[in-house]
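Here are a few notes from my look through this one. Have the viewer open while you read them.

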Amino acid sequence: YVITNSMRQVGLERLRERYNYLTDEVKGGPYGKLIAQQIALYESLEIGGTAPDFTAMTPEGDTLSLHQVKGKLKLLDFWASWCAPCRQEMPNVVKIYKKYRDAGLEIIGVSLDSKPQDWMKAMQDKKMTWSNIMDQKQEISSRYLVRGIPHTILLDENNRIIAKDLRGKALEKRIAELLGK
């Protein structure tokens, strides 16, 4: 019970370590199974893991599924209109998108805003022309273990995680490398 209460605050290695101390009986019980599920989630979000699919609504009212988005490279960008570091990083993301979109880069913005009007105004103000969804209930960000924003995840065309938490020049450099530019 104690481990399950803190399992979202510790990393994969510490959780595995704690889980390995448990007896087989406890591992087979309800709390042991919850911990095993959390370990599996952590593992799926490691570099090389396959990003979990999600479906959400776009500002236009269409549905967007991560795995249906086609691109040589996909950038999942978790952000919010009220997040100053997110808004500071956005001109860089806009520049990267313009520069690499034709080479196969797709961006999926996942906003943690709770007010649609703030979300839409920020997209318009910052000239965010890529696919965007709003994660009002924070179900997607929770599934991706997002603890702070901005948070980026770079995926290959098969939705495998290549890199995480890149910004600025480091993000552009990695995208350029991966797209052969």
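**Salt bridges, helix packing and a patch**

1. R174 and E177 pair up through their side chains in a salt bridge, 3.4 Å from N to O. Both sit in helix α8, 3 residues apart, or about one turn of the helix. R174 is partly exposed at 27% relative accessible area, and E177 is partly exposed too, at 46%. Keep in mind that this is a predicted model.

2. The whole structure has 6 salt bridges. D125 counts as partly exposed, at 37% relative accessibility.

3. R16 and E43 also form a salt bridge, their closest N and O atoms being 2.7 Å apart. Since R16 is in helix α2 and E43 in helix α4, this pair ties together parts 27 residues apart in sequence. E13 joins R16 and E43 in a salt-bridge network.

4. How do α2 and α4 pack, and at what angle? Their axes are 10 Å apart, at an angle of about 150°, so the two helices run roughly antiparallel. The crossing is left-handed.

5. Back to α8: its axis comes within 10 Å of that of helix α5 (residues 84-100), crossing at roughly 15°. That makes the two roughly parallel, and this crossing is right-handed.

6. Last, the surface: Y1, V2, Y31 and L34 make a nonpolar patch of about 450 Å². L34 belongs to helix α4 (residues 30-44) and is partly exposed at 40% relative accessibility.

Key: Residues numbered from 1 in each chain as written. Predicted model: local features only at pLDDT ≥ 70, side-chain atom pairs only at ≥ 80, totals over all residues. Heavy atoms only, no water. Patch = residues over 30% accessible without salt bridge, like charges linked within 9 Å, V, L, I, M, F, W, Y side chains within 5 Å. Areas by Shrake-Rupley, 256 points an atom, 1.4 Å probe, with all protein chains shown as cover. Salt bridge = Lys/Arg side-chain N within 4 Å of Asp/Glu carboxyl O. Helix = DSSP H or I, 4+ residues; strand = E, 2+ residues; numbered from the N terminus. Buried < 20%, exposed > 50% of the residue type's maximum accessible area, 1.4 Å probe, protein only. Axes fitted to C-alpha atoms, helices over the stretch in contact; angles between N-to-C directions. Parallel < 35°, antiparallel > 145°, perpendicular 65-115°, else oblique. Left-handed = near helix turned anticlockwise from the far one by under 90°.
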